Amino acid sequence: MANHKSSLKRIRQTQTRKERNHYYAKTMRNAVRKLRATTEKEEAVKQFPVVQKMLDKLAKTNIIHKNKAANLKSSLAKHISKLG
């Protein structure tokens with residue numbers, strides 16, 4: 001157990017950030033899954049900007065790596081273009 005006031009506070013802050021980051025990352029993964037599962041092009045084109053914005057925000061705040069965001073956006077765009 002921590003002995004200093006500052007280390008106790010650091011533990012609380014870390015736990016809060018961890019929970020928040022986990023929530024946003026999980027939400028992003030579910031949105032990507034939902035978009036990949038879509039078979040209609042119109043619906044996918046409608047969802048894509050929302051998912052793209054989410055990925056950009058998470059990359060900006062370092063919840064996910066910027067290259068991961070770029071790779072996901074690229075693969076989702078490719079998926080949408082293949083839909084008939």
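Modeller: Let's start with helices: they are DSSP runs of H or I with at least four residues, numbered from the N terminus. This is a predicted model, where local features need pLDDT of at least 70, side-chain atom pairs count only at pLDDT 80 or more, and totals for chains, interfaces and linings use all residues. Residues are numbered from 1 along each chain as its sequence is written, and side-chain values use heavy atoms, leaving out hydrogens and water.

Colleague: Is Asn-62 buried or exposed?

Modeller: Buried means under 20% relative accessible area, exposed over 50%, and partly exposed in between, with a 1.4 Å probe and protein chains only. Asn-62 is exposed because its relative accessible area is 67%. Ile-11, found in helix H1 (residues 5-37), counts as partly exposed at 48%.

Colleague: Where does H2 bend?

Modeller: A bend at a residue is the angle between axes fitted to the seven residues ending there and the seven starting there. H2 bends by about 30 degrees at Gln-47, with Pro-49 following within four residues.

Colleague: And which residues of H2 are buried?

Modeller: In an α-helix there are 3.6 residues a turn, so residues three or four places apart point the same way. In H2 the buried set includes Ala-44, Gln-47, Phe-48, Val-51 and Leu-55. The buried residues of H2 pack against H1 and helix H3 (66-82), contact being heavy atoms within 4.5 Å.

Note on methods:
Helices (H or I, at least four residues) and strands (E, at least two) are DSSP runs, numbered from the N terminus.
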